[in-house]
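This report goes through one protein model, element by element. Look at the sequence and the structure first, then read on.

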Amino acid sequence: MDIKITAQVASLLGATIGASAAVTAQLFSHFLTKRREQEKYTREVYQNLFAPIIFDVFAYFDVSTDFRKHHNLKSSITENDISEKILDHVKNNLRYASPSLISKYHFIARNTYFEDNSGFYHFLNVLEFYISILDEVDKLTTKLNLFDKNFQNMIIRYKILYLTWSASLQHFQNSTKAYAFISLNFHFNSKKYTKNTLDKINNIYNGQIFKNKWIQCATKIFRKTSSVPNPNDSNNLISIINIITDDKDSLEELSNIVFRD
């Protein structure tokens, strides 16, 4: 059976195809515009919120944990000054912060008005705030694709170091002991500062956070701690040590500090 296309049908088909092409082009143009706007905003977030302080986050760890602090550092440099600079900058640029980072900042701001009866939770909030900053920068570097491999490796390195410090603070529940432990980070194998190592430590750390929340909940329900696990369990910290250290003597020295507690 022959199909005859009249001039009217051909005209209708042509108009339909043309309209479809115009709509598709318009949608594609809209998509490109939105993507450019998102990229522009992402750059603004990094440039205004993170770029001025990211190296201060690195410096805070280095200054705080320097094993030869009184020999290697200028006397005018203190970790408190660095911390105040970071916090003040974030406070003045909260409009660029994600909900997660704002929440972490609010925990620290709240500490201004409430006593820390535990003796270490306020400082734990600070460490987790810096970890959150590094997480945000890590995501932005992936989106922007502007930074070289060395900078990306630095982000991974300091995320691992801050997570380990935070894990040690949760174990010891004492800032001074956690300082003493993390100041021995020269025992860590720098070749282990990789994405794979970071993923492993993240899993251990997040698992401990979940466990601690369960312990707090169970303690409130049963109003006793004898039937729930001890949050001061050394297994997680030992697991992290084994991931980032493979030298036998270093493993022994770091493990001794953990069990000395």
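Tyr158 is buried, at 5% relative accessibility; buried means under 20% relative accessible area, exposed means over 50%, and partly exposed lies in between, with a 1.4 Å probe and protein chains only. The model is a predicted one, in which local features need pLDDT of at least 70, side-chain atom pairs count only at pLDDT 80 or more, and totals for chains, interfaces and linings use all residues. Residues are numbered from 1 along each chain as its sequence is written, and side-chain values use heavy atoms, with hydrogens and water left out.

The structure holds 19 aromatic pairs. One of them joins Phe61 and Tyr158, edge-to-face, with 6.2 Å from centre to centre and 80° between the planes. Phe61 belongs to helix α2 (residues 54–65) and Tyr158 to helix α7 (residues 149–172), so the pair ties together parts that are 97 residues apart in sequence. Rings of Phe, Tyr and Trp (its six-membered ring) pair if their centres lie within 6.5 Å; planes under 30 degrees apart count as stacked, over 60 as edge-to-face and the rest as tilted. Phe61 is buried too, with a relative accessible area of 1%.

## Charges over rings

The ring of Tyr158 also has the charged end of Arg157 over it, 5.3 Å from its centre. Arg110 lies over the face of Phe114, at 4.3 Å from the ring centre. A charge sits over a ring if NZ of Lys or CZ of Arg is within 6 Å of the ring centre and within 35 degrees of the ring normal.

## The overall plan

The protein has 11 helices and 0 strands. Helices (H or I, at least four residues) and strands (E, at least two) are DSSP runs, numbered from the N terminus. Of the 261 residues, 39% count as buried.

How much of the contact total comes from residues 24 or more positions apart? They account for 73% of the contacts with a separation of 6 or more. Contact means heavy atoms within 4.5 Å.

Thr164 is found in helix α7 and is buried, at 0% relative accessibility. Leaving out residues up to four places away in sequence, Thr164 touches Phe181, Ile182, Phe188, Ile201, Leu237, Ile240 and Ile244.

Thr65 is found in helix α2 and counts as buried at 3% relative accessibility. With residues up to four places away in sequence again left out, Thr65 touches Trp165, Ile182, Ser183 and Asn185.

Helix α6 (residues 121–144) has 24 residues, which at 1.5 Å a residue should span 34 Å, and its end C-alpha atoms are 34 Å apart, which agrees. The expected span is 1.5 Å times one less than the number of residues. Is α6 mostly covered or mostly exposed? It is mostly covered: 17 of its 24 residues are buried.

After α6 comes Asn145, with a positive phi near 55°. Most residues other than glycine have a negative phi. Asp148 is in the loop between α6 and α7 and is partly exposed, with a relative accessible area of 46%. A polar atom of the Asp148 side chain lies 2.9 Å from the backbone nitrogen of Phe151.

Gln173, in the loop between α7 and α8, has a positive phi of about 55° although it is not a glycine. Gln173 is partly exposed, with a relative accessible area of 33%. Asn174 caps the N-terminal end of α8, with a side-chain oxygen 3.0 Å from the backbone nitrogen of Thr176. A polar contact is a pair of N or O atoms within 3.5 Å; within protein, one must be able to donate a hydrogen and the other to accept it, and residues adjacent in sequence count only if both atoms are side-chain atoms.

Which residues of helix α8 (residues 175–182) are buried? They are Ser175, Ala178, Phe181 and Ile182. These residues cover an arc of only 120° around the axis, which puts them on the same side of α8; the arc is that of the directions from the helix axis to the C-beta atoms. An α-helix has 3.6 residues a turn, so residues three or four places apart point the same way. The buried residues of α8 are covered by elements including α2, α6, α7, α10 (235–244) and α11 (248–260).
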